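Here are my notes on the model you sent over. Have it open while you read.

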Amino acid sequence: MLIILLTILPCWSYIARAQQQQFSIKEATISDIQLAFQQRQLTSRQLVEYYLKAIERLNPVLNGVVEVNPDALSQADKADKERVIGVLPSLIGLHGIPVLLKGNIGTKDKLNTTGGSFALLGSKVPRDAGVVTKLRDSGVIILGKASLNEWSSFRSTIAPNGWSARGGYGKNPYVLSADPCGSSSGSAISTAANFVTISLGTENDGSILCPASFNSVVGIKPTVGITSMDQVIPISPRQDTVGTVADAVYVLDAVVGPDENDPETIALSKYIPPEGYKKHLKVDGLKGKKLGIVRNPFFGLLNDSIVNQTFEKHFQTLRQEGAIVIDNLEIPNIDVILDPSISGETIALLAEYKLAINAYLKDLEFSPVRSLEDVISFNKRNANLEMIMEYGQDIFLASQATDRIGEKEKEALANLTRLSRDGFEN
């Protein structure tokens with residue numbers, strides 16, 4: 001597991017203030033920030049002000065943040081007071097640390113939870129998402145909502161990564177013309193651009209790992225079921241999970257665990273280390289660990305010799321640190337696994353999505369839309385706002401055309417189970 005050093009884009013007045021106190025927010029990790037808190041070289045208010053200034057300055061270009069929490073500064077002041085009087089949660093690693101949430105993670109506060117769509121603007125979730133409850137208990141500051149691929153990339157097959165009607169076009173902070181990937185695009189963009197210390201994303205199929213990779217930050221996709229999906233706009237309960245971007249192990253410890261509103265987490269909680277994950281983060285942790293390198297078909301797609309050389313250098317580093325690297329690992333039926341139309345994944349997801357999104361919308365305290373059919377109608381009525389002419393809503397329409405989990409869907413699910421068992425688990 002890796003912890004990255006964050007590079008903060010310059011907001012000179014705050015850098016100067018921090019440097020005068022022998023602490024620079026620039027490139028600070030959670031551990032660095034907590035030490036600065038303890039030594040009274042930094043306050044949560046100063047940290048939040050720093051990030052808000054960075055967002056104000058650069059978000060008009062990068063579009064990594066869709067909205068900022070109007071209560072962020074008051075939450076920072078509360079954290080500072082708690083630190084002074086010694087009232088701290090058990091997980092002090094995140095106390096007073098700002099976090100951005102992907103725009104599909106529900107918060108029962110002044111922030112919207114819209115999945116990037118205007119169809120859900122003004123909707124009200126009945127409660128905080130399970131992972132948000134755990135984060136609040138650990139003392140974080142909810143800085144705002146990150147942008148994302150609209151509806152987590154499940155509206156259209158041709159909408160570009162990073163785009164949503166509410167958030168605009170998210171940009172890779174290293175190369176503005178480069179693909180930021182998705183669907184947790186804003187979570188990765190904002191962390192890479194140092195709009196925030198840490199962020200949460202969600203993944204169904206690559207939605208954390210891909211943007212983390214493309215924006216050069218650390219992302220962890222937890223095993224499905226160890227983080228609660230309650231009050232998170234879904235795609236498929238079978239594949240959805242909430243994960244972390246940057247300083248990942250601290251956040252992972254905070255958000256995993258049982259949630260009575262998500263029964264799957266209760267069954268899976270027995271697999272979570274009772275002492276947490278951070279204690280297993282060791283300098284010599286790679287010694288004796290077996291790591292498989294699947295080159296086919298991925299490395300055949302890399303024509304850039306520099307990229308290949310970089311990979312080889314990192315593989316050698318893993319060996320030097322004691323890992324047992326099993327090179328050229330072959331996964332049976334990898335071509336089928338990677339093709340959702342052949343594997344059965346498309347058939348399964350289309351049917352699962354309609355059931356999951358209808359259940360989510362029905363459960364909202366208030367919402368302008370109550371079903372997938374309502375969302376489709378909203379988009380037709382607001383075609384300019386939602387850019388229907390440009391990107392359409394073909395996935396929505398295909399999902400709406402499904403009826404239930406019938407024989408075709410059951411066969412697809414059985415095939416996915418076989419491919420996983422005979423490929424990844426064999």
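This is a predicted model: local features need pLDDT of at least 70, side-chain atom pairs count only at pLDDT 80 or more; totals for chains, interfaces and linings use all residues.

1. Helix 5 (residues 130-137) and helix 8 (residues 248-255) have axes that come within 8 Å and cross at roughly 110 degrees, so helix 5 sits roughly perpendicular to helix 8. On the helix 5 side, Val131, Lys134 and Leu135 make the contact, and they meet Val251, Ala254 and Val255 of helix 8. By class that gives 5 nonpolar, no polar and 1 charged residues.

2. Have a look at strand 6 (residues 198-203), where 6 of 6 residues are buried. Ile198, Leu200 and Thr202 point one way, while Ser199, Gly201 and Glu203 point the other way. Strand 6 pairs with strand 2 (residues 98-102) in the parallel sense, over 3 bridges, and Leu100 stands opposite Ser199.

3. On to charges: the structure holds 20 salt bridges. Asp363 and Arg127 form one, at 4.0 Å from N to O. Asp363 is in helix 13 (residues 345-363) and Arg127 in the loop between strand 2 and helix 5, 236 residues apart. Asp363 is partly exposed at 37% relative accessible area, and Arg127 is partly exposed at 28%.

4. Arg155 and Glu150 also form a salt bridge, with their closest N and O atoms 2.9 Å apart. Buried means under 20% relative accessible area, so Arg155 at 2% counts as buried, and so does Glu150 at 4%.

5. Finally, a network of salt bridges links Arg295, Glu312, Arg319 and Asp327.

Note on methods:
Residues are numbered from 1 along each chain as its sequence is written. Side-chain values use heavy atoms; hydrogens and water are left out. Axes are lines fitted to C-alpha atoms, for helices over the stretch in contact, and angles run from 0 to 180 degrees between N-to-C directions. Helices (H or I, at least four residues) and strands (E, at least two) are DSSP runs, numbered from the N terminus. Angles under 35 degrees count as roughly parallel, over 145 as roughly antiparallel, 65 to 115 as roughly perpendicular and the rest as oblique. Contact means heavy atoms within 4.5 Å. Ala, Val, Leu, Ile, Met, Phe, Trp, Tyr, Cys and Pro count as nonpolar, Asp, Glu, Lys and Arg as charged, and the others, Gly among them, as polar. Buried means under 20% relative accessible area, exposed over 50%, partly exposed in between (1.4 Å probe, protein chains only). Two strands pair if DSSP finds at least two bridges between them. A salt bridge is a side-chain nitrogen of Lys or Arg within 4 Å of a carboxyl oxygen of Asp or Glu.
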